[in-house]
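I opened this entry to note what I looked up, beginning with a pocket and going on to salt bridges and a sheet.

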Amino acid sequence: ELYNSTTNVVALEGLYLSDTATNLTAWAFPPGASLGPTQFLIVFCDGQPLQTSNTEYHTSFRLPVASGAVLLSQTNPPLPGVLLNPTNRLPVLDYVNYAGLHSDKSYGSYPDGQPFDRLEFFYITPGGTNDGRSGPLPVFLNEWAASNLGPFSDPADGDFDDWFELFNPTTNTVELAGYYLTDTLANKFKYLITTNGPHTIGPLGFLLVWADNETGQNTAAGVPRPDLHVNFQLAKAGEALGLFAADGTQIDAITFTNAQDNISSGRYPDGSANGSPGFYAMSNTTPRLPNQLAQVVNTPPVLDGIGGKAVFLGQTLNFTATASDVDLPAQILGFTLDVGAPPGAGINLNSGGFNWTPTAVGTFPIIVRVTDNGAPTASDSETITVTVLAGPDFRHSARNGNDFELIWGTHPGKRYAVESKDDLNAPLWTPLETNTATGTTLSYTNTTGVPQRFFQLRVVE
C-alpha cells in the first residue's frame with residue numbers, strides 16, 4: 001500500500017517497485033498513474049502484471065512469505081537528501097524490510113506515513129488508515145506465589161523466588177513477544193517480553209515467570225531458558241500483576257493481599273473468570289501444571305428447616321426448600337423426595353420447589369432430601385409432617401333474641417373469614433370478621449333483625 005501524506009497530487013509515472021535492491025526497476029507504474037492528496041493506493045504483488053488496468057495495479061513479482069522486502073524507486077533526478085543506489089543510480093524513495101511476518105497479518109507504518117519505525121498489524125486495513133491496536137490475546141494470570149519459602153526453587157540459581165504462571169486456554173500456540181508484564185498497573189510497560197527469552201505458550205500450556213528481578217537469567221550460554229525472569233518482585237503484603245499489549249490494552253490483571261507462606265493463589269479451574277468460582281488459596285502449588293485445590297473430605301450440604309405443614313382438602317401445598325454447602329469449588333445441589341412420599345407430591349430437582357394437592361384427609365410424613373455432587377456425594381434431609389384437614393364447617397349455631405352465634409372447628413395458625421348475605425341471589429358476600437385461630441375453635445356473634453340471613457365460612461389463603 002502506498003500513502004500520499006501531502007495535500008498535492010503525486011505523479012507515480014517514472015516510479016518503480018521491486019522486491020530486491022539488486023533490481024530496482026522490476027516493475028514500473030504505468031503512464032499517467034498518480035496518487036491523490038492523503039490517499040491510499042493498493043498494489044497487488046502477485047506476479048501477474050497483465051492484470052494491470054487504469055484503476056488496479058499488479059506487479060511482475062511476488063513478495064516472499066514471512067520475510068522479504070519491497071522498495072520504491074524513481075528514475076528522475078533524486079530529491080534533496082535521497083541517497084543513490086551505487087549500481088544503477090536510482091534513488092530509493094522508501095523501502096520496507098520485514099521478517100517473521102505471521103500469516104494473515106500485515107506490516108507497515110503507524111501512524112500512516114511514519115518512516116522510522118514499523119510494526120506488524122493484527123487488524124489489516126488495505127486502502128485505509130493503519131490500525132495499531134493490539135489483537136486479542138487469550139492468556140490468563142493463572143497462579144501466583146508471593147512468599148515462596150521452599151521447596152520449589154528457581155532452577156536457574158536454586159533460590160526460592162516469587163513466581164507467577166501464565167495460561168493459554170486455546171488449542172493454538174500464542175505469541176507473547178511485544179507484550180508487557182508489570183506489578184504496578186499504573187506502569188503498564190514495566191517489562192517487555194522479547195524473543196530473547198521464552199515468549200510463546202503452547203495449546204493449553206503454561207509459562208512460568210520468576211518475579212526475581214534477575215532478567216539476566218532468561219538465557220544460559222545464549223540459549224533461552226524454559227522459564228521467564230522479569231525485572232520486579234512480588235510483595236507479600238499485596239500488590240498487583242498485569243499483562244498488557246503494546247498499545248496499553250489490558251489483557252489480564254489481578255490484585256492480591258496478605259500472601260501466605262508457601263501457599264499460592266489462582267484460578268480454579270484454570271483460566272476461569274474472576275469472582276465465581278474466582279481465586280482460591282492453594283496449599284498444593286502447581287507451577288507449570290493445572291491448578292489443584294487441596295484435597296478435603298466432602299462436607300454434606302445443610303438443608304434449611306422446613307417444619308410441619310397443614311393444608312385443607314382441595315388446596316395445593318407449595319413451598320421452596322433451600323440449602324447451603326461450604327465446599328469449594330461450589331457444588332451443585334439437588335432436591336428430591338425419599339420413597340414413601342404420597343402420590344402426586346413432587347419437588348423440583350434444581351429449585352427445590354415443592355407442590356402437592358392432597359386427595360384425602362390425614363397425616364402424611366414426607367422426607368425432603370438435598371444431595372451434593374461431591375465425590376462421594378453427601379446429603380441432608382428432614383422429615384416433615386403434612387396434615388390434610390377436612391374443609392371448614394360450622395359445629396354449632398344458636399339464636400338469642402336478635403343475636404346469632406356461630407362456632408366452628410379450626411386449626412391453629414389458619415385464618416378464617418365469616419361472610420353473609422340476606423339474599424342468595426345477591427352477587428357478593430358481605431365480610432363480617434376474619435380471625436387467625438390459636439386453638440381448635442373460633443366463634444362469631446352476629447346481631448340481625450332481618451327475617452333471614454345466610455352465612456359462609458371461608459379459609460383465607
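**Pocket lining**

I checked which element gives most to the lining of the second largest pocket: strand 12 has the largest share, with four residues. The model is a predicted one. Strand 12 (118-121) and strand 15 (174-175) are the elements that give two or more residues to this lining. I noted a volume of about 1,000 Å³ for the pocket. Its lining has 32 residues, and His102, Glu120, Glu175, Ala177 and Tyr179 lie nearest the centre. Sorted by class, I have 14 nonpolar, eleven polar and seven charged residues in the lining.

**Salt bridges**

I have a count of nine salt bridges. One of them joins Asp94 and Arg118, with 2.9 Å between the closest N and O atoms. This pair links distant parts of the chain, since Asp94 is in strand 10 (residues 92-98) and Arg118 in strand 12, 24 residues apart. I looked up accessibility too: Asp94 is partly exposed at 31%, and Arg118 is buried at 17%.

Next I took Lys190 and Asp183, whose closest N and O atoms are 2.7 Å apart in a salt bridge. Lys190 is partly exposed at 29%, whereas Asp183 is buried at 8%.

I also noted a salt bridge between Arg458 and Glu419, at 2.8 Å for the closest N and O atoms. Arg458 lies in strand 41 (residues 454-460) and Glu419 in strand 38 (residues 415-421), 39 residues apart.

I traced an open sheet of six strands with mixed pairing, in the order 22-19-14-13-25-26. Its edge strands are strand 22 (228-229) and strand 26 (279-282). Strands 14 and 19 run antiparallel and are joined by six bridges; Phe164 has Val209 in strand 19 as its bridge partner.

Definitions and conventions. Residues numbered from 1 in each chain as written. Predicted model: local features only at pLDDT ≥ 70, side-chain atom pairs only at ≥ 80, totals over all residues. Heavy atoms only, no water. Pairing = 2+ DSSP bridges. 1 Å grid on protein atoms, 1.4 Å probe; cavity = no way out; pocket = protein on both sides within 12 Å on 5 of 7 lines; lining within 4 Å. Points joined across faces, edges and corners; volume = space filled by probe spheres on them. Nonpolar A, V, L, I, M, F, W, Y, C, P; charged D, E, K, R; others polar. Salt bridge = Lys/Arg side-chain N within 4 Å of Asp/Glu carboxyl O. Buried < 20%, exposed > 50% of the residue type's maximum accessible area, 1.4 Å probe, protein only.
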